[in-house]
Amino acid sequence: MKVVIDRERCMMSGECCYNHPWLFSFGEDDFPEVLVSELTTEQQRKEARQSIQVCPSGAISIIE
Amino acid sequence: MSGLTHEIDPREFDSPEFQSNPFPLYQRLRDHHPLFRDRFHNRWIISRYEDVNAAFQNNESFDRAMYQPDGPYVFGSSHVFGPNILEYGNSDRHRWLRNVVAGQFVGQGLVSFIPFVEQIAGELVERCSGEGEVELVQQFSNQFPIRVISNILGLPRADEEKFVVWYQALIAGLGFGGEHLARGIAARNEMWQYLEPLVADRLAHPKDDLLSKLCLAELDGVRMNMDEVKGFIALLLAAGGDTTDKAIANMWYHMLYTRPDQFEDVKKDPELWDNVFSEMMRFDPVVHVQSRFTTREVEMHGRVIPERAQVILSLGAGNRDERVFKNPDVFDIHREDLHMGRENRSARYKSDKQGHLGFGVGQHFCMGYAMARQEAVIACTRMMEVMKNPRPKFATHEGITSPNIDSGGFRSPRELWIQFDK
């Protein structure tokens, strides 16, 4: 399981980077980058789902 | 005047002139004292857009709370709020507490609550539309956001009136001090007594509401204690109620008195209320200052701010910075150099336009930013649908004021009478 970001939809709000700094950080072009390639624990998956909730542009999703 | 006219006497910050019109002093700060050492109040003040924005984003150097080397956080409002999320500075605990509720105020959580916001706005507008005139502050804006937030929490609708009263006392206590503070604390105590059985009930029988979420959320297997839950609720009432309440009044003030010409545009196209909100948040937002404490020495404009010093981030001044916004002292809802839509916590926008600093930026960016905008725009739109041809009752107005913007008293009109066709 991993997190992906749709750069077309992303509006660079920064919510993901501030709320879940272990999972996202601002890239050089100000878009967020995903730091963890594979979600291995239940806690990680839970926080990933939270990040989907607080993304104002709906740009984050989880894929198998 | 002598050659020393640019000198600033710190007592100017306590003057009635500054409370009613802080902008000339802001300009002197930006132009001549971009880093001002205020020895009288023992603090530093920064005022340029770029500096304020950078400080908001620099968590390593600026903390929301003062951390005593040997003790707990100190935060000014604890005496009214009790322990709350703001006290936890830049810590993981702060981030965790924020995440407990953040989902409620943005994205799907917000969307699902909008019909209810519409309903409450509709009820209130109905209630104050019978007479052909309304005093917006008391009859509408003072009541609207608090009713919304108490319903998001899941408090009984029958008790909404109680919350309106407690809320008004709490806010007066924070803003004015003195006897108001005593009444504010009394109201808080009443509210806390009222909340205890509700909290116990949610712990035993969780519902699908925010109060249940607050009660049940766990960090490393530990829940918030009763005091923390209550403090959190008091904070939500104040932070989520007062600011939006006054924002609505400020929007109407500027349409009625500052730009009646642009108000005509809004009447033709109510979607422009979104722009009114953005420009109000830039031109004269409810909150003008945020306070930070340095965690280490910070060099700025050729000087050094020592560690553990209080620094005032004057966002009200930054928003009027001519280095960023053209004709900054003109209220213009069609402004092309301001990002007009929903704000970003990162202060970065795809359009490359600049955002206002009214919600702060970064780690402590207002959590209710999306909710506030939705509430304000829905309220204004609903009012204009029902109250036809709205116009000021009085030709002149004392303007937007503050009991004391310097210590966190919020800026808004004391009263705002509007007449309309029945």
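## Chain A: order of elements and dimensions

Helices here are DSSP runs of H or I with at least four residues, strands are E runs of at least two, and both are numbered from the N terminus. The model is predicted: local features require pLDDT of at least 70 and side-chain atom pairs pLDDT 80 or more, whereas totals for chains, interfaces and linings use all residues. Residues are numbered from 1 along each chain as its sequence is written, chains are lettered from A and ligands numbered from 1 in the order in which they are written, and side-chain values use heavy atoms, without hydrogens and water.

The radius of gyration of chain A is 11 Å, which agrees with the value near 11 Å for a compact globule of 64 residues. This radius is taken over C-alpha atoms, and the globule rule is 2.2 Å times the number of residues to the power 0.38. Along the principal axes, the C-alpha atoms of chain A fill a box of roughly 30 × 20 × 20 Å.

In chain A, 47% of the 64 residues are buried, that is, under 20% relative accessible area with a 1.4 Å probe, counting protein chains only. Of the chain A contacts between residues at least 6 apart in sequence, 50% join residues at least 24 apart; a contact means heavy atoms within 4.5 Å.

Chain A carries 6 positive and 11 negative side chains, and the centres of the two sets are 8 Å apart. Lys and Arg count as positive and Asp and Glu as negative, with His and the chain ends not counted; the charge is placed at NZ of Lys, CZ of Arg, CG of Asp or CD of Glu.

## Chain B: overall form

Chain B contains 16 helices and 14 strands. The C-alpha trace of chain B spans about 65 × 60 × 45 Å along its principal axes. Buried residues account for 59% of chain B. The mean positions of its 48 positive and 60 negative charges lie 1 Å apart.

## Chain B: a five-stranded sheet

An open, mixed sheet in chain B has five strands in the order E1-E2-E12-E9-E3. Strands E1 (35-38) and E3 (62-63) of chain B are at the edges with a single partner strand each, so one side of each has no neighbour in the sheet. Two strands pair if DSSP finds at least two bridges between them. E3(B) runs antiparallel to E9 (residues 289-294) of chain B, joined by two bridges. Asp63(B) has Phe293(B) in E9(B) as its bridge partner.

Key. Buried means under 20% relative accessible area, exposed over 50%, partly exposed in between (1.4 Å probe, protein chains only).
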